[in-house]
Amino acid sequence: YQPKIDIKTEKIIGAETLIRWNHPIKGMISPGYFLPYSKELGLMSAIDQYVINQVLKNIAYYVVPISINLSGSTFSDPKEHEIILDKLSTISQYASLVNFEITENEFISIDKSLPFVEKLKSNNFSIGIDDFGTGYCSLEYLLKYPCDYLKIEHAFIHNIHLNKKNYSVVDNIIKLGHSLGTY
């Protein structure tokens, strides 16, 4: 888990699940290496299910919300929606401790995913857009998805103090998010 820290209070306000592959010979392998291959081989939904199962197995012990990244293949597959919603029904009392995120470049048809996102929201799960600003997302998604928060693409944040353009982009994304009721 990677902590999420409130920059004003410097307190941990959540955590994000991170997956690594502990290869028997090569050791820890970054997701940047194996996830593209997993996507190409059609394994992303299985990885999503594994991560969800691990989070739900320990949910009663969490004291801050845990974010789970879901792949575009999971968001676009109604069969996956039912499997996930069934699993989540067993932990409804912990809904406030689970957030779901989709990376902006994984967005797919609103028609396929919106009912799933609305169902998650109606069951009190939070929804976030990860890597916001990568350029693959239409602003339409911000209007149609019941999104709770935006996570700005790290390329905009890195060395923000050295680059006025980055600062301006980040400042405007934050203003846009606040005006739409997200954080």
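The model is predicted, so local features need pLDDT of at least 70 and side-chain atom pairs count only at pLDDT 80 or more, while totals for chains, interfaces and linings use all residues. Residues are numbered from 1 along each chain as its sequence is written, and side-chain values use heavy atoms, leaving out hydrogens and water.

Reader: What makes the chain as compact as a globular protein of its length?

Author: Start with the parts: eight helices and eight strands, meaning DSSP runs (H or I, at least four residues; E, at least two) numbered from the N terminus. The radius of gyration, taken over C-alpha atoms, is set against a rule of 2.2 Å times the number of residues to the power 0.38. For 183 residues the rule gives 16 Å and the chain has 17 Å, which is close, so the chain counts as that compact.

Reader: Why are α2 and α4 called roughly parallel?

Author: Their axes, lines fitted to C-alpha atoms over the stretch in contact, with angles from 0 to 180 degrees between N-to-C directions, cross at roughly 5° and come within 11 Å. Angles under 35 degrees count as roughly parallel, so α2 and α4 get that label.

Reader: Which residues of α2 and α4 meet?

Author: Ser45, Gln49, Ile52, Asn53 and Leu56 in α2 meet Glu80, Ile83, Ile84, Lys87 and Leu88 in α4.

Reader: How many residues of the chain count as buried?

Author: Buried means under 20% relative accessible area with a 1.4 Å probe, protein chains only, and 41% of the 183 residues count as such.

Key: Angles under 35 degrees count as roughly parallel, over 145 as roughly antiparallel, 65 to 115 as roughly perpendicular and the rest as oblique. Contact means heavy atoms within 4.5 Å. Buried means under 20% relative accessible area, exposed over 50%, partly exposed in between (1.4 Å probe, protein chains only).
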